[in-house]
Amino acid sequence: MSKRPRRAPTPEERKQCPERSRRLLLEAAMDEFSEKGFAGARVQDIADRAGLNKQLITYYFGGKEGLYRELGREWLRREATFNDPAVPFEELVVRYLREAFDDPRGIRLASWQALTGEVGDEPREDLSDMRRRQAAGELADDLDPAAVLLMCYAMVSAPATMPHAVRQIFGIEPDSPEFRERWEEQLRRIVRHLAA
């Protein structure tokens, strides 16, 4: 079976902004990596999804691993826009939850990383903010800040990583407005109970 010849780009496509190409590749990569993990995602599939030549992945990101790492840097930039140490812990946890609800791909990608150990050389979690919050009374003295943080990760990620459990336990879809509202309210209550 012969391949279809590649069509010539239109004049408008020739002028395509490099930043737009980078953005299209990052979005396509987020889709592919969150669905298949690092090992399962193919460069050609990412390029096809973006509607671009796969060589652009090497050109802009140095290859598949560079593209994957750039998604991590993108997350850190986005996280910096809402992770404010000045807001109460309850509100901070809800901000993470809303991020997960608005785009569950990040949680799914993190789950792939955790389960497979893919391209993960992250430094150990800095617990200084959790300890500061504990000293300020936002967490009870008898709670381990590391355990609380892990529990919050689990509560935030559960709807994206275990949608079947949401359906079985709550009887509603995990992406429904009803579940989102109910889960956010319950998460707020749980976090309030952690205070001193």
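Let me start with a definition: a residue is called buried when its relative accessible area is under 20%, exposed when over 50%, and partly exposed in between, using a 1.4 Å probe and protein chains only. What you see is a predicted model, in which local features need pLDDT of at least 70 and side-chain atom pairs count only at pLDDT 80 or more, while totals for chains, interfaces and linings use all residues. Residues are numbered from 1 along each chain as its sequence is written, and side-chain values use heavy atoms, with hydrogens and water left out.

Take Arg132 as the example. Its relative accessibility is 39%, so Arg132 counts as partly exposed. By salt bridge I mean a side-chain nitrogen of Lys or Arg within 4 Å of a carboxyl oxygen of Asp or Glu. Both residues lie in helix 8, residues 128-135, and they are three residues apart, about one turn of the helix. Helices here are DSSP runs of H or I with at least four residues, strands are runs of E with at least two, and both are numbered from the N terminus.

How many salt bridges does the rule give? The count is 30. One of them joins the side chains of Glu185 and Arg189, at 2.9 Å from N to O. These two sit four residues apart in helix 11, so about one helical turn separates them. Glu185 is partly exposed at 31%, and Arg189 is partly exposed at 42%. There is also a network, in which salt bridges with shared partners join Glu27, Asp31, Glu32, Glu35, Lys36, Arg42, Asp45, Arg49, Asp103 and Arg105.

Another salt bridge is between Arg188 and Glu90, 3.0 Å from N to O.

The expected span of a helix is 1.5 Å times one less than its number of residues. Helix 9, residues 145-161, has 17 residues and should span 24 Å; its end C-alpha atoms are 23 Å apart, which agrees. Even so, helix 9 bends by about 30° at Met155, and a proline, Pro159, follows within four residues. The bend at a residue is the angle between axes fitted to the seven residues ending there and the seven starting there.

Helix 2, residues 18-40, has 23 residues, and a straight helix of that length would reach 33 Å, but the end C-alpha atoms are only 27 Å apart. Where is the kink in helix 2 centred? On Ser34, with an angle of about 85°. Ser34 is among the buried residues of helix 2, as are Phe33 and Phe38. The buried residues of helix 2 pack against helix 3 (43-50), helix 4 (55-61), helix 5 and helix 7. Contact, throughout, means heavy atoms within 4.5 Å.

Back to helix 9. Its buried residues include Val148, Met155 and Val156, and the buried residues pack against helix 6, helix 7 (105-116), helix 8, helix 10 (163-170) and helix 11.

That leads to the core. A nonpolar core is a set of buried Ala, Val, Leu, Ile, Met, Phe, Trp, Tyr and Cys residues joined through side-chain atoms within 4.5 Å. The largest has 27 residues, and Phe89, Val93, Met130, Val148, Val156 and Leu187 touch the most other members. Helix 6, helix 9 and helix 11 each give two or more residues to this core, and helix 6 gives the most, with eight. Leaving aside neighbours within four places in sequence, Val156 is in contact with Val93, Tyr96, Leu97, Ala100, Ile107 and Leu187. A second, separate core of 18 residues includes Phe38, Ala41, Ala47 and Leu52.

Last, the segment after helix 11, where Ala196 is found. Ala196 is exposed, at 71%. Its C-alpha atom is 8.9 Å from that of Ala136, 60 residues away along the chain.
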